[in-house]
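Subject: A structure for you to look at

Hello,

Here is the structure I promised to pass on. Have a look at it, and then read my notes below.

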Amino acid sequence: MTVIDGTDTGTGSAPRAGMDVHIADGRFTDIRPSSTESSSTPTGEPVLDGRGGYLLPGLWEGHTHLRDYGAALPRPERVAHLQDVLAGYLAEGVTSVCDLGGMPELSPELRDVSKAESAMASLFTTEVAFTGIDGWPVTGIKGDRSGVMEVGSADDARRYLRGLRLSEVDYIKCMFDGKPGGGRRLPLEALEVIITAAHKAGKKAFVHIATVTDMREAVQAGADCIEHSPIPRDPRDLSEAEQLAAIMAGAGTLYCPTIATWEQLAFGAYPDYLDRLNTDGILHPDEAEEIAARPTYGQPFPKHPADECRIRFDYAMRTLPIFHEANVKLVAGSDIARVMPTPARALLRELQLFAKAGVPNSAVIAAATSRAAEKVGLLSTRGTITVGSAADALLLDADPLADISHLVERRHLRTVVSSGHIAAR
């Protein structure tokens, strides 16, 4: 088989054809040229025939919110439902999922179960999300605001942080949203305090932004990853993106633009959008009928008008190659799946959009594997096919470096390996 280890082949190692890959105790233990000798595989060990196939790391969903799936269910049913959601991710080749906050009552239990069960994607999450007073996503909400800490000052941030056990979360999430009408923005001084505390605890800090100013200030405050593409001051002016890309590349800040979010919110109410997804292999006609019947279909999304989302989508698509060419590390994350048949398919759409924007296929694959593992600080043990790394992998029947559809279209997926176990064929 050909091994694609998850690094961008423009800067990392090239694909290796004619290889055997050995796994033990859930990790890759050897990667060497194929041998026809019967002694090459220990007697009694299971063998997956990968001849003619392409092995790459399991995909990562770099940004989602599982609370959106089954939120109306009672708590016991919701846990079981979300376990099914994680199993569904795995069946479509997504072996790791990063939830970016919103369900503190469920995250610890669900995360522990996912790590112990090879039949589900591994869950990484935080129960800690900071925002400004009445900031996004709780702006105007009169009821439950659990899972979000509203911060009005640096002293507020310090007080909240004293009550947290940062060692028990995978990362920290901050809403740094300067969009008008969205409540008060998290103060910059508070953002700096939170990021410093996260780094002191050995955790990464991810920052949700809306405007270009948010983006620039978050990078300068030490954000490890910027979540979402920005609203540009002037959509026609790409020099702004060039400046941001240079700043991010210099700081080593990762970028998770969630382009599929803006596409769905901009065009999801139009029937021809479902036709487009059908043409691109993301859904089938019967799935389109199910999506159109959903209560949320065609409904406006709070705080994100469709016209504004069209601008963000178009700007993100035009500027993504600028960030790539500046050596900003891209991460794939879909955020929502309002107009998708499954949550996993939203991530696959994000990969399609990266490729449609002009990002090389090697970098697209890296964005959904090694870069996502790097985002959460786990590149040394996950996200690549290297000796010692967790044995999460996909076996495809066609080369995804030649055509990203070979990764996106389900008919090319031969096998999913999770923690060294064959999870799906």
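Helices here are DSSP runs of H or I with at least four residues, numbered from the N terminus. This is a predicted model, in which local features need pLDDT of at least 70 and side-chain atom pairs count only at pLDDT 80 or more, while totals for chains, interfaces and linings use all residues. Residues are numbered from 1 along each chain as its sequence is written, and side-chain values use heavy atoms, leaving out hydrogens and water.

Let's begin with helix 10, residues 306–325: Arg-318 and Asp-314 sit 4 residues apart there, about one helical turn. Their side chains form a salt bridge, 3.6 Å from N to O. By salt bridge I mean a side-chain nitrogen of Lys or Arg within 4 Å of a carboxyl oxygen of Asp or Glu. Arg-318 is partly exposed at 33% relative accessible area, and Asp-314 is partly exposed at 39% (buried is under 20%, exposed over 50%, partly exposed in between, with a 1.4 Å probe and protein chains only).

Helix 3 (residues 154–162) holds a pair 3 residues apart, Arg-158 and Asp-155, whose closest N and O atoms are 2.9 Å apart. Altogether there are 27 salt bridges, and Glu-263, Arg-276, Asp-280, Arg-349 and Lys-356 are linked in a network of them.

Best wishes

Technical notes: Helices (H or I, at least four residues) and strands (E, at least two) are DSSP runs, numbered from the N terminus.
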